Amino acid sequence: SHGLEIRTELHASAVILGASLSDYQTFSGRTYDYGPGASAEFAAEFGTRGWNFLRVSHEEIFIHTVNGTNSEHFLGVTRAALNVPITANLGAGLEYVLYTAEKIYKDYEDVSTRAPQLRVFATMLLN
């Protein structure tokens with residue numbers, strides 16, 4: 001009602017060749033692991049007449065290492081963004097992003113990391 005819109009998205013994809021930072025160097029000295037995997041993402045937006053007030057999303061990425069340290073990488077990105085209109089075409093927003101990584105190594109200790117970010121942004125609606 002009142003022109004409010006709720007939009008949802010669901011994405012799934014194959015990762016042909018992905019890379020993730022490794023916590024243990026290989027014999028070559030490289031600090032990245034490479035391999036195939038998969039990804040899935042869900043997002044929801046709340047808005048009206050082209051203006052998104054709130055967007056939340058979560059993406060999970062899996063990478064199986066075929067070149068690098070023998071491991072499996074489970075990466076996640078969670079986002080929540082609030083966007084408030086100031087005028088008809090200009091807005092200001094705040095976004096919280098949380099990056100997570102669960103890395104399971106065959107020959108080393110597993111590693112779990114979290115990296116939160118807080119962003120401030122401006123938006124312009126182009127008609």
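Which side chains does a polar contact of 3.4 Å join? The legends below start with the whole chain and end at that pair. The model shown is predicted.

**View 1. The fold is built from strands.** The chain has six strands and zero helices. Read from the N terminus, its elements run β-β-β-β-β-β. Among contacts between residues at least 6 apart in sequence, 53% join residues at least 24 apart.

**View 2. The chain spans about 60 × 25 × 25 Å along its principal axes.** That span is taken from the C-alpha trace. The radius of gyration is 19 Å, whereas a compact globule of 127 residues would have one near 14 Å.

View 3. Of the 127 residues, 27% count as buried. The chain exposes about 8300 Å². Carbon and sulfur atoms supply 62% of that area. The chain carries 9 positive and 14 negative charges.

**View 4. Ser22 sits in a loop between two strands.** The loop lies between β1 (4–21) and β2 (32–48). Ser22 counts as buried because its relative accessible area is 7%, under the 20% cut-off.

**View 5. The surroundings of Ser22.** Set aside the neighbours within four places in sequence. Ser22 is then in contact with Thr31, Tyr32, Asp33, Thr69 and Tyr105. With Asp33 there is also a polar contact: the side chains of Ser22 and Asp33 are joined at 3.4 Å. This is the pair asked about at the start.

Methods. Residues are numbered from 1 along each chain as its sequence is written. This is a predicted model: local features need pLDDT of at least 70, side-chain atom pairs count only at pLDDT 80 or more; totals for chains, interfaces and linings use all residues. Side-chain values use heavy atoms; hydrogens and water are left out. Helices (H or I, at least four residues) and strands (E, at least two) are DSSP runs, numbered from the N terminus. The radius of gyration is taken over C-alpha atoms; the globule rule is 2.2 Å times the number of residues to the power 0.38. Buried means under 20% relative accessible area, exposed over 50%, partly exposed in between (1.4 Å probe, protein chains only). Contact means heavy atoms within 4.5 Å. Accessible areas come from the Shrake-Rupley method with a 1.4 Å probe; for residues, only the protein chains shown count as cover. Lys and Arg count as positive and Asp and Glu as negative; His and the chain ends are not counted. The place of a charge is taken as NZ of Lys, CZ of Arg, CG of Asp or CD of Glu. A polar contact is a pair of N or O atoms within 3.5 Å; within protein, one must be able to donate a hydrogen and the other to accept it, and residues adjacent in sequence count only if both atoms are side-chain atoms.
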